Amino acid sequence: MTCRIQLPDGAFKDFESCPTALELSASISSGLSKKAVAVLINQEPDLKDIRSVLKDGDQVEIVTLGSEKSLEVIRHSSAHVLAQAVQNLWPDVKVTLGPVIENAFYYDFDTDKKFTPEDLEKIEQEMKSILKQKYKLEKEVWSSEKAYRYFEQKGELLKKEIIEDLGLEEVSIYKQGPWLDLCLGPHVQHLGQIGVVKVLSHSGAYWRGDSEKKQLQRIYGTAFHTEKQLKVFLKKQELAKQNDHRLLGKKLNLFYFNELSPGSPFFTPLGTRVYRSMQKLLEEKYKEYDYQEVITPQIYHSDLFQSSGHLKHYADNMYAALDREELKNTVYQEAKDKNKSALELEDSVNKKTTNPSENHFSKLNNTKNLYFLKPMNCPGHCLLYKKDHWSYKNLPWRVADFGRLHRREAKGAIQGLTRVKSFCQDDAHVFCRLDQLSQEIQNGIQMLQDIYNIFGLKDYKIELSTRPEKRMGEDSLWNQAELSLSSALKKLNIPYELQKGEGAFYGPKLDISIRDAFDRYWQLGTFQCDFNLPKAFNLTYVNEQDKEERPVMLHRAILGSLERFFAVYLEHCKGRYPTWLSPLPVAILPLTDKEKEFSLNIKKRLEQNKIICKIDERNEKLSYKVRESQSQQIPYMLIIGQKEVQSQSVSVRLRTGELFPNLNPEDFVKNLFQEIKSRSLSSFLIQSQSKKDS
């Protein structure tokens with residue numbers, strides 16, 4: 001029996017028996033075989049091990065060293081090198097899991113030891129020593145029983161837990177020299193295929209992300225093909241640290257946090273202007289794309305979340321609220337009487353009032369007046385839909401909501417504005433017929449592209465996640481929904497990555513991640529088909545045959561959390577928001593009091609055109625005022641001295657240092673107004689100069 005394999009160029013290779021991917025590469029050329037690190041089979045997105053046995057009819061692409069895809073394999077193998085290095089240095093340390101993440105990898109270690117910066121240096125040196133050995137990575141298949149006994153003897157108790165949870169008869173083991181680990185792969189052929197490695201940092205982590213479980217030590221690292229690539233990455237990492245939104249937010253006086261409301265940001269007047277400008281853009285697009293804006297309550301009775309299913313699956317992340325009398329009988333009063341701090345009080349109360357696994361929650365659930373702060377808008381939107389009678393002629397109904405949401409996050413999960421407890425989403429839901437779904441997704445993606453282009457975010461990727469094993473809804477619905485998502489992308493000629501089995505239990509979804517100035521991806525937009533909530537709330541419409549039918553619900557977000565997007569875009573711009581988004585577009589800098597009257601005149605002209613500005617009247621040198629305005633990232637500085645007063649002109653200095661003298665004030669205001677109105681990403685003065693130069 002022959003085995004036919006199809007190559008990327010459409011050609012076929014025939015074998016007497018099905019080869020491994022490595023054997024296939026060797027049959028093509030020795031050079032390809034030496035560079036091969038993984039294989040893509042039948043256009044599936046997941047990389048497979050180069051040792052994988054192929055099947056008759058497989059379409060195969062060999063992934064080689066130097067390609068972008070090969071970095072995933074190199075980093076996965078480097079994670080094993082990291083684990084081996086740690087155990088070489090400290091044999092009592094136990095290893096757990098070591099996945100690849102964006103541009104890096106990490107490994108979690110079960111140990112009481114607290115790693116120091118000096119330890120990280122030792123680990124990196126040990127990793128380099130291991131790489132010099134160029135150990136061959138050998139894959140073995142063990143019975144789960146054999147693997148269980150092996151790791152039990154080694155004292156690797158968490159590995160035992162992994163094997164139990166897998167529930168497989170056999171597991172794969174990868175060996176490199178004297179060291180081995182349980183792993184699914186894929187891995188390089190030998191450690192000589194790994195170019196350069198770098199240990200980056202360390203932190204604490206809970207086993208499987210559960211704060212109720214054991215705390216582990218996590219070490220991060222990265223790997224690249226060349227030293228040059230590593231240096232570029234590290235430089236961007238350093239720039240990203242320097243432009244951390246928490247540092248920029250403090251420097252530019254945009255927002256701050258206070259422990260009296262942990263994890264909930266306060267936006268200053270300057271920060272609020274930025275926030276409102278983002279919101280105004282979205283409101284304009286809602287009108288353009290025929291969305292109706294609504295306002296829904298902040299607090300709901302627990303019955304709502306019982307109906308939606310959130311009470312059963314999401315209560316850990318929700319804030320409970322009782323009436324005053326019942327509150328006196330809860331743990332809140334008890335904790336308060338112990339004079340605990342605000343942070344301690346919050347932790348004590350929320351652990352016992354929002355965790356359904358605790359007996360106290362069961363007690364609360366039996367009270368008549370148990371309420372929750374709203375963690376998401378969708379159940380409320382279902383109530384709005386349900387209050388009316390709907391015909392197929394009235395659909396789709398597109399509804400948007402800027403309501404504040406509250407979610408309980410662990411203290412360790414809070415990360416400035418990127419992970420908060422109180423936030424607002426550009427959240428919308430579309431209720432439509434199944435046959436309308438594809439067009440609604442297409443319209444939504446066009447809206448997303450429109451908004452991202454305004455922000456200059458043109459580099460993004462889209463992932464299509466399909467049905468998981470555990471799901472609700474008929475297969476015919478899933479087929480239609482998945483087809484609607486994929487066909488919308490194909491009609492718009494947008495490439496996407498397929499994530500099989502990664503959809504939500506209630507429907508397939510699209511996730512959109514933008515790449516920022518530091519080559520980091522941030523998941524912002526999402527389109528999620530939902531069969532669950534329309535059924536849970538018994539939502540219907542009357543179809544053409546005058547019979548009741550269930551609508552499909554489409555969850556839609558473009559920027560996602562406005563707080564998170566505020567942070568992401570602030571870092572992306574390195575604090576230099578475009579003028580339309582800047583909280584203070586213009587600073588007027590008179591040299592002395594003699595220019596005050598002319599400065600007030602300029603200010604009046606700007607404000608008549610709704611351009612926010614201020615006059616810096618302090619008795620300071622001009623150079624000091626300029627430096628301070630630049631540090632505050634004010635786009636335009638109008639320098640006014642006696643020369644400008646006499647000529648009735650302004651000299652304009654940009655925050656980037658360019659100087660444009662003797663400009664007509666009327667022309668300046670007119671052009672600046674147009675720049676802001678059009679939401680341009682660059683200064684009209686730079687654009688004008690570029691046209692002249694060309």
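Glu-617 is partly exposed, with a relative accessibility of 46%. Here, buried means under 20% relative accessible area, exposed means over 50%, and partly exposed lies in between (1.4 Å probe, protein chains only). The model is predicted: local features need pLDDT of at least 70, side-chain atom pairs count only at pLDDT 80 or more, and totals for chains, interfaces and linings use all residues. Residues are numbered from 1 along each chain as its sequence is written, and side-chain values use heavy atoms, with hydrogens and water left out.

Glu-617 forms a salt bridge with Lys-596, and the closest N and O atoms are 3.7 Å apart. A salt bridge is a side-chain nitrogen of Lys or Arg within 4 Å of a carboxyl oxygen of Asp or Glu. The pair links distant parts of the chain, 21 residues apart. Lys-596 lies in helix α21 (residues 596–608), and Glu-617 in the loop between β31 (613–615) and α22 (622–631). Helices (H or I, at least four residues) and strands (E, at least two) are DSSP runs, numbered from the N terminus. Lys-596 is partly exposed, at 42% relative accessible area.

The structure holds 36 salt bridges. One of them joins the side chains of Lys-159 and Asp-181 (2.8 Å, N to O). Lys-159 sits in helix α6 (residues 157–166) and Asp-181 in strand β11 (residues 179–182), 22 residues apart. Both Lys-159 and Asp-181 are buried.

Arg-520 and Glu-571 also meet through their side chains in a salt bridge (2.7 Å, N to O). This pair spans 51 residues, from the loop between β25 (509–515) and β26 (521–530) to helix α20 (residues 562–572). Arg-520 is buried, with a relative accessible area of 17%. Glu-571 is buried at 5%.

Helix α20 also packs with another helix. The axes of α9 (residues 269–288) and α20 come within 11 Å and cross at roughly 110°. Axes are lines fitted to C-alpha atoms, for helices over the stretch in contact, and angles run from 0 to 180 degrees between N-to-C directions. The two helices, α9 and α20, are therefore roughly perpendicular (65 to 115 degrees).

In the contact (heavy atoms within 4.5 Å), α9 contributes Gly-271, Val-274, Tyr-275, Met-278, Gln-279 and Leu-282. From α20 come Leu-562, Glu-563, Phe-565 and Phe-566.

Methods:
Parallel < 35°, antiparallel > 145°, perpendicular 65-115°, else oblique.
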